[in-house]
Amino acid sequence: PRHLQIHPSASLLPGFRDVHLQALLGFGLLLTFLGRYGPGSVAISILVVAFAIQWAVLIQGFLYFFLNGKIYVGAQSMVGADFCTAAVLISTGAVLGRANPVQMLLLTLLGVTLFSLNEYILLSLMGVSDSGGSLTVHTFGAYFGLMISRILHQPHMDKRKEQQAVGQQSEVFAAAGAIYLWIFWPSFTSATAVGDNTEPWATLNSYFSLAASTMATFVLSPVLNEEDTLRVVQIQDAALASAAVMGMAGEMLVTPFGALAAGFLAGLISFLGFRFLTPVLRSRLKTQDTCGVHNVHGLPGVLGALLGTLLAALATADAYGGRLELVFPLVAQGSRTATDQALCQLCALPVTLLLALLGGCLGG
C-alpha cells in the first residue's frame, strides 16, 4: 500500500464505471446459460474479476505507470485492468465447466501477464491503434482460452460433461446480460479513445454495429433454425460479435454505413459459426468451446483487425482533420505513412495469435 499513490483523473471515472459494470454484468451474466453450471459460473466469474483486477493493476503498473519506484494508480489504470479482466473472462468462457476455481485462478494469473505483454508490444512498441480491443481483448482472450481448452481435452470426460452441460437455459440471465451489453458496450469501446474528440465516433459506431448485428440474427435465424422462436442468447452473442468488430475501427472514420455493414457481417459470422464451425472444432480439432467464444470473440476480433487495417490505409489528413493526431499520432507527425500504419495494424494480428496460442499451450 505505501507504494501506491492515487492519481486523480476525474474525467475517466464515468467511463471506468461503465467498463466495470460491463465486465461484471455483461460478461458475468453471459456465462450463466449452461443449465448445470449457471449460478456457479457467475460465482467463478466474480472470483476471476476480483483476482484479475488486482494482478492487472500491478503488472500494468510496472509497464505503464511506474515512476520513481512507485506505481501510480488512477481511473486510467483501473480501466486498463478492466480491459484485461474482460479478456480473461472471455478465456474462461472456453473452459467453463471443465476447470475448477484453482485452475481458473492459474489461467487468470497467466492470462493477465500475457495480455499485458501483448498490449504493451502492440500499443507501445508497434504503435498500433486498438482502443476498443479487437485484438488485445477479443482475439487474444478467445484464442488463449481455446488453446487451453484443446489441451484439457479428455475424450471420455468431454462426452459425459457435455451431456450434463445441456440443460434448462437461464433465459432471464441472458436477457439481463443482453440489455447490459446494449447499454454499456459503446462506453466500453470508447473508454480508452483518446480525448473527447474521438469518443463520440466510437460510441456511435458501436451503436450502429449493435443494431445491424441484431438485425442479422433475426434475418438468419428462421433460415437456419428449425425452432420457431429466437433465443435471447443468440441476440446476446450477435451483440457481442459486433462489438468485437468495432473494437479497433470504432474511433476511426468508419462512417455510419460502414459500421452498419460491419455489424451485419459480424452477426452473420457469429450465427454461421455456431451452426457450422463449432461442430467442426469439436469433432476435428478436439476443442470443446463451452460458450462459443470462437464465434463471438475470435472470428469477429480478427475481422475487426482487418477492418482497422483497411481504414488505417485509407486515413488522410483531409478526412480526419484535427483528429488524425489523436487516432494515428505517428501518421500525423509524419514519422509514418498511412500504408506503414496499416502494415503495423496487420502485423499485430499474427503477433497476438502467436502469443495467445503459445501462452494457451503453456497454460493448458
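Analyst: What follows is a set of questions about the terms used for this chain, each answered from a value and its definition. The model is a predicted one, in which local features need pLDDT of at least 70 and side-chain atom pairs count only at pLDDT 80 or more, while totals for chains, interfaces and linings use all residues. Residues are numbered from 1 along each chain as its sequence is written, and side-chain values use heavy atoms, with hydrogens and water left out.

User: How many helices and strands does the chain have, and what makes a stretch count as one?

Analyst: The chain has 15 helices and 3 strands. Both are DSSP runs numbered from the N terminus, a helix being H or I over at least four residues and a strand being E over at least two.

User: Why is Asn-68 placed in its class of accessibility?

Analyst: Asn-68 lies in the loop between β2 (66-67) and β3 (70-74), and its relative accessibility is 67%, so Asn-68 counts as exposed. Asn-68 also has a positive phi of about 50°, although it is not a glycine.

User: What makes Leu-58, Phe-62 and Phe-66 a patch?

Analyst: Together, these residues make a nonpolar surface patch of about 290 Å². A patch is made of residues with over 30% relative accessible area and no salt bridge, where nonpolar side chains (Val, Leu, Ile, Met, Phe, Trp, Tyr) are joined within 5 Å and like charges within 9 Å; a salt bridge is a side-chain nitrogen of Lys or Arg within 4 Å of a carboxyl oxygen of Asp or Glu. Leu-58 has a relative accessible area of 37%, so this residue is partly exposed, and Leu-58 lies in helix α2 (residues 38-63).

User: How is the packing of helix α5 against helix α9 described?

Analyst: Two packed helices are described by the angle between their axes and the distance between the axes. Helix α5 (residues 134-151) and helix α9 (residues 232-249) pack at an angle of about 145°, with their axes 8 Å apart. The contact is made by Ser-134, Leu-135 and His-138 of α5 together with residues of α9, among them Ala-243, Val-245 and Met-248. These axes are lines fitted to C-alpha atoms over the stretch in contact, and the angle, from 0 to 180 degrees, is taken between N-to-C directions.

User: Where does Ala-313 lie, and what does it touch?

Analyst: Ala-313 lies in helix α11 (residues 293-314) and touches Ala-338 and Ala-342, not counting residues up to four places away in sequence. The C-alpha atoms of Ala-313 and Ala-338 are separated by 5.1 Å, although the two are 25 residues apart along the chain. Ala-313 has a relative accessible area of 38%, so Ala-313 is partly exposed.

Note on methods: Areas by Shrake-Rupley, 256 points an atom, 1.4 Å probe, with all protein chains shown as cover. Buried < 20%, exposed > 50% of the residue type's maximum accessible area, 1.4 Å probe, protein only. Contact = heavy atoms within 4.5 Å.
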